[in-house]
Amino acid sequence: MFAPVYGSYSNIAGKQEEIEMFDKLEDLLIRLEEILSELQEPDVASDSNRFRKLMKEQSELTPIVEAYKEYKACKQNIEESLELLNEESDEDMRELAKEELNESKARVEELEHELKILLLPKDPNDDKNVVVEIRAGAGGDEAALFAAEIYRMYLHYAESKRWKVELVECEEIGIGGMKNVTFMIDGQGAYSMMKYESGVHRVQRVPETESGGRIHTSTITVAVMPEAEDVDVHIDEKDIRIDVMRASGNGGQCVNTTDSAVRLTHYPTGIVIYSQTEKSQLQNKEKAFALLRAKLYDLECQKQHDAEAEARKSQIGTGDRSEKIRTYNFPQSRVTDHRIKLTLYKLDAIMDGDLFELIDSLTAADQAEKLSNMENQIM
């Protein structure tokens, strides 16, 4: 599919698209060799910024180049197997050649698809850390209890990925629920996996306080925002009011006895950030500004999504946050993701942080949608 030199690409793409795709793969192979050579230079190791950029580029190119090298090796195996079948008279050798030919052909088809996925345009935010906000919606105390459970679900998932989690803000209720909770996740590729969690999550179950045993439906909203650096968002000091105060809460780490809590008010947008989880005022201020940058950056991303409505429709779960994305049905131990019509009967495992099958399925569906759109544009 990718190499006109070795075989046909696809009936969808024209000859020119074939050549361009093949040339791009060759260019990436050469570029990776250049990077590996540069990393051996003594002056690169002493330049931390350059070293970091080269390592990042290397990690991005390596999977593509490895798949492409295997693809070329398989195409070479096909040619050699065909030659052997034409020249060899020994039946045992011919059978071995046929087996090698069939295996190589099957693997080529797999690699063609893998390479198309690997060459899709990458979301520039995918490698970023994330800020996650969970808010109780319809359902009163039951929604707040579910919000706390979803927060713990993400904590367990982050632990399984060995990501670092920092609490920024929480508003608890006395029975163990959370009206809202904001936290940051620091980990490689966090946004690429967590971005599919944005939206409305619905729970169906019998509340512990319900004497009649009736199933109630409650909702929470989840917002996942890429962490923004100073270069991503400019914040003018005159647009900010900073207030410091004594932290308050229902106990534990949400309470302090000094004026360590920080509240930021951003006049142009009306965004208010409150951070009180650290004992140090400076640490709370840093967290508050990190959250503000993320929210401002997210606003710009949402504006861009609105301006590119068709592109947004082609993305799975990264658009409208009023969208109901998932239902957690406790009586049936069922979790259904409505975007891809996937139902799993493993609710306990999912609530304990086993989100891998869900996120892998969402990623695959997103990639398939983008690939289909790209092929339609070529047609």
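Predicted model: local features only at pLDDT ≥ 70, side-chain atom pairs only at ≥ 80, totals over all residues.
Local features need pLDDT of at least 70 and side-chain atom pairs pLDDT 80 or more, whereas totals for chains, interfaces and linings use all residues. Residues are numbered from 1 along each chain as its sequence is written.

Helices here are DSSP runs of H or I with at least four residues, numbered from the N terminus. The axes of α3 (residues 48-87) and α4 (residues 91-118) come within 8 Å and cross at roughly 155 degrees; axes are lines fitted to C-alpha atoms over the stretch in contact, with angles from 0 to 180 degrees between N-to-C directions. Helix α3 is therefore roughly antiparallel to α4 (angles over 145 degrees). The residues of this contact comprise 17 nonpolar, three polar and eight charged, where Asp, Glu, Lys and Arg count as charged, Ala, Val, Leu, Ile, Met, Phe, Trp, Tyr, Cys and Pro as nonpolar, and the others, Gly among them, as polar.

Beyond helix α5, Arg162 has a positive phi, near 60 degrees.

The largest pocket has a volume of about 1400 Å³. A pocket is an open set of points on a 1 Å grid where a 1.4 Å probe fits, with protein on both sides within 12 Å along at least five of seven lines, and lining residues have an atom within 4 Å of a point; the volume is the space filled by probe spheres set on the points. Of the 41 lining residues, Glu60, Lys122, Asp126, Asp127 and Ser192 are the closest to the pocket centre. Helix α3 supplies the largest share of the lining, nine residues. The lining divides into 19 charged, 14 nonpolar and eight polar residues.

Conventions: Heavy atoms only, no water. Helix = DSSP H or I, 4+ residues; strand = E, 2+ residues; numbered from the N terminus. Parallel < 35°, antiparallel > 145°, perpendicular 65-115°, else oblique.
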